[in-house]
Amino acid sequence: MDLDAVILSPHFDDAVLSCWHVLASAREVLVVNVFAGEPPAGTLGSWDRLAGATDSAAAVRRRMEEDRRALAFAGRAAVNLPFLDGQYREAGQTPGEIVEALHGVVVGGTRIYAPASLGDHHRDHTAVRDAALALRADGAEVAMYADLPHATVLGWPRWVPNGGSATGTDPVSERWARQLEGTNVPVKRMVANAHRLSVGDHAAKLKAVLTYRSQVAPLEHVFGCSLQDPQLLAFEVEWRLPLID
Ligand SMILES: [Zn+2]
């Protein structure tokens, strides 16, 4: 299979939450769930506790099954990498190990979509972003996506729903630009694209998102949002990064 795009999803739901426009496209797309490892028996992570779980190994297996069903709505499948979610480990995750694992999955000519790690800079999202930036340094084509709902706790920048320039001066635009500077890629060389999903695509995305049944309550609680808010998940944003010569 000739892949057109690989979506790096730090957790099981990130690709569906943030990249439905890619999943619903006619391209050959593969999802790679990076932090999809099963922790040792007896582990109970803080996020899983919030989700009402009592055993994290079982929670991971449940999330994997939710993901399989959610991606099937778009006719997609995922490869699950064995890295442990941040809630199950003390140490940071070095991007180098993720790059190593991705060498077996990503082939030349495939565009890589990676989280921009906006908002709260979740360390798992940042590790995946940095792995993608390392692959870019070796010549890969990389696009970064606004991670929903992390990126939108203060709402969308005005240029997303209204059109216009991504260099707008509203507070959310300015905050995003500051956060994007953390990539060390000049923000003015990134090409921002805002996607407004059609009514049908938004409805399909919502159906897929709600398939992650164990995740709806903790996501809405932690990010203070309703996933069914028509303004929230109907838009997606990606930045194409310039190629390294
Ligand atoms: Zn995530």
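Biologist: How many helices and strands does the chain have?

Modeller: This is a predicted model. Its chain has 10 helices and seven strands. The radius of gyration is 17 Å, close to the 18 Å from the globule rule for 245 residues, so the chain is as compact as a globular protein of that length.

Biologist: What box do the C-alpha atoms fill?

Modeller: Roughly 50 × 40 × 35 Å, taken along the principal axes.

Biologist: And what share of the residues counts as buried?

Modeller: 41% of the 245 residues. On contacts, take pairs at least 6 apart in sequence: 74% of those join residues at least 24 apart.

Biologist: Sheet next. What is the strand order?

Modeller: β3-β2-β1-β4-β5-β7-β6. It is an open sheet of seven strands with mixed pairing.

Biologist: Which strands stand at the edges?

Modeller: β3 and β6. Each has a single partner strand, so one side of each is left without a neighbour in the sheet. On average, neighbouring strands of the sheet are turned by 25° against each other, ignoring direction.

Biologist: Where is the parallel pairing? Start with β1 and β2.

Modeller: Strand β1, residues 5-9, pairs with β2 in the parallel sense over five bridges. Ile7 has Val31 as its bridge partner in β2. On to β3, residues 78-80: β2 and β3 are also paired in the parallel sense, over three bridges. There Val31 stands opposite Ala78, and Val32 has Val79 as its bridge partner.

Biologist: Is β2 mostly covered or mostly open?

Modeller: Mostly covered. Strand β2 spans residues 29-33, and four of its five residues are buried.

Biologist: Now the antiparallel part. How many bridges join β6 to β7?

Modeller: Six, with strand β6 covering residues 191-196. Arg196 has Phe235 as its bridge partner in β7. Strand β7, residues 235-240, also pairs with β5, residues 142-145, in the antiparallel sense over three bridges. In that pair, Ala143 stands opposite Arg240.

Biologist: Which strands does α6 lie across?

Modeller: β1, β4 and β5. Helix α6 runs at about 150° to β4, which is residues 111-115.

Biologist: Core question. Which residues touch the most other members of the largest nonpolar core?

Modeller: Leu8, Ile112 and Val142, in a core of 60 residues. Helix α6, residues 123-137, gives the largest share of this core, with six residues. As background, nonpolar side chains tend to be buried together in soluble globular proteins.

Biologist: Take Ile112. What is it in contact with, leaving aside neighbours within four places in sequence?

Modeller: Val6, Leu8, Val106, Ala132, Leu135, Ala140, Glu141 and Val142.

Biologist: Change of topic. Where is Arg27?

Modeller: In the loop between α2, residues 20-23, and β2.

Biologist: What does Arg27 contact beyond four places in sequence?

Modeller: Asp4 and Ala5.

Biologist: And how far apart in space are Arg27 and Glu38?

Modeller: 30 Å, C-alpha to C-alpha. In sequence, Arg27 and Glu38 are 11 residues apart.

Conventions: Residues are numbered from 1 along each chain as its sequence is written. This is a predicted model: local features need pLDDT of at least 70, side-chain atom pairs count only at pLDDT 80 or more; totals for chains, interfaces and linings use all residues. A nonpolar core is a set of buried Ala, Val, Leu, Ile, Met, Phe, Trp, Tyr and Cys residues joined through C-beta atoms within 7 Å. A residue is buried if 20 or more other C-beta atoms lie within 10 Å of its own, exposed if 12 or fewer, and partly exposed in between; C-beta atoms are placed from the backbone. Helices (H or I, at least four residues) and strands (E, at least two) are DSSP runs, numbered from the N terminus. Two residues are in contact if their C-beta atoms, placed from the backbone, lie within 7 Å. Two strands pair if DSSP finds at least two bridges between them. Axes are lines fitted to C-alpha atoms, for helices over the stretch in contact, and angles run from 0 to 180 degrees between N-to-C directions. The radius of gyration is taken over C-alpha atoms; the globule rule is 2.2 Å times the number of residues to the power 0.38.
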